[in-house]
Amino acid sequence: MRRLAACVALLAATGCVTLPPDTFVLTPELLKQRQIETRRYSGIEEKDLLVACSNVLQDLGFNLENSEVRLGVLTASKQRDALQAGEVALAIAIALLGGGAMPFSKDQTIRVSLVVRPVRLSDATPSQREHFVRITVQRIVRRTDNSTISQGLNDPGLFRQFFERVSKSVFIEAQNI
Amino acid sequence: MIGGRARVLATCLLASACASTSDRVLDVGDQTQLQKRAYQSRSFDTTDKDKVLRAIISTLQDLGFVIDRADYTLGVVSATKLNVYQLKMTVSTRPRGKEQTLVRANAQFNVQPVEDPKPYQDFFASLEKSLFLTAHAGE
């Protein structure tokens, strides 16, 4: 019986997880997330807006990975520590109580894709000076036992702060400061 | 007794991982090249490459992907979605005849290729909405 359990566990560990259904279906929640991740900027051309955005990513310490100006795409990433006081304290407490070494978050890679796209005018032609900027953000957290946890970030506050910086950058760009 | 257990473990491991490296590189499976192309491709009644590529990027972002790279000249976009699992996707475009654009997608879920037609149908349905155009099945 124990052998059977070991076999089942091994087989499960070697790849029985399947793609969640509806992964590619646009749900109302995803469309709400789109609102959070998008802002509209007026009075600036696409290239200038991309430059302003790439400056913001640099302000935030990101390294540019890829870009395709013709499609308004920038991708960037950075590595930072991921230590959280509460998590570390809990790991220490468990170790002191004889519970062994509990892994905790060590460092993380944060990835961003930023896309600028023109607003479509009423006749479906792309506007020259009205654009949407959308960012999507993910992070991969590495723990002390070298296991990883990956997740998309969707905190509205994060996006609000990011777009405030883009607004300032657009202003600076417009003033040629 | 220990030898017996070791044999059981070895058999389990062999049973769950016996494909050769070549099989993995070539993704040898039950499906033919044409079958894969059929469910991974749709054509749209437009020749506007810029519009199609931007719609692909928007759709991927809508679905929670982070764009890894995009290349206008090649007509290719790659993206990754991380949500405990890792889902990678590459979408390519090319002209089809004088009035259509063919869009082809392939996806990888963790370490497995996505070979079920349903996720691709869902993806193209989402892309249709973004493009305001009807997708025509197959190559």
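**Chains A and B: questions and answers**

Me: In chain B, what share of the contacts with a separation of 6 or more joins residues 24 or more positions apart?
Reply: Here a contact means heavy atoms within 4.5 Å. Take the contacts in chain B with a separation of 6 or more: the share from residues 24 or more positions apart is 53%.

Me: What kind of model is this?
Reply: Residues are numbered from 1 along each chain as its sequence is written, chains are lettered from A and ligands numbered from 1 in the order in which they are written, and side-chain values use heavy atoms, with hydrogens and water left out. Local features need pLDDT of at least 70 and side-chain atom pairs count only at pLDDT 80 or more, while totals for chains, interfaces and linings use all residues, and the model is predicted.

Me: In what pattern do the elements of chain A follow each other?
Reply: Helices (H or I, at least four residues) and strands (E, at least two) are DSSP runs, numbered from the N terminus. Chain A has five helices and six strands. Reading along its sequence gives α-α-β-α-β-β-α-β-β-β-α.

Me: How many strands does chain B have?
Reply: From the N terminus on, chain B runs α-α-α-β-α-β-β-β-β-β-α-β. Its helices number five, and its strands number seven.

Me: What percentage of the residues of chain B is buried?
Reply: A residue is buried under 20% relative accessible area, exposed over 50%, and partly exposed in between (1.4 Å probe, protein chains only). In chain A, which has 177 residues, the buried part is 33%. For the 139 residues of chain B, the buried part is 42%.

Me: How much area is buried between chain A and chain B?
Reply: The size of an interface is often given as the accessible area lost when the parts come together. Buried area is the accessible area (1.4 Å probe) that two parts lose on being put together, summed over both. The contact takes 46 residues from chain A and 42 from chain B. Carbon and sulfur atoms give 60% of the buried area, which is about 3800 Å².

Me: How many residue pairs are in polar contact across the interface of chain A and chain B?
Reply: A polar contact is a pair of N or O atoms within 3.5 Å; within protein, one must be able to donate a hydrogen and the other to accept it, and residues adjacent in sequence count only if both atoms are side-chain atoms. Counting across the interface of chain A and chain B, with both residues at pLDDT 80 or more, the pairs number 18.

Me: Which element gives the largest share of the side of chain A that touches chain B?
Reply: Several elements each supply at least two residues of this side, among them α1 (2-13), α2 (28-37) and β4 (105-120) of chain A. The largest share, eight residues, comes from β4(A).

Me: Which residue of chain B has its backbone nitrogen reached by the side chain of A:Ser113?
Reply: A:Ser113 lies in strand β4 of chain A and is buried, with a relative accessible area of 0%. Its side chain makes a polar contact of 2.8 Å with the side chain of A:Thr136. At 3.0 Å, the side chain of A:Ser113 also reaches the backbone nitrogen of B:Ile67.
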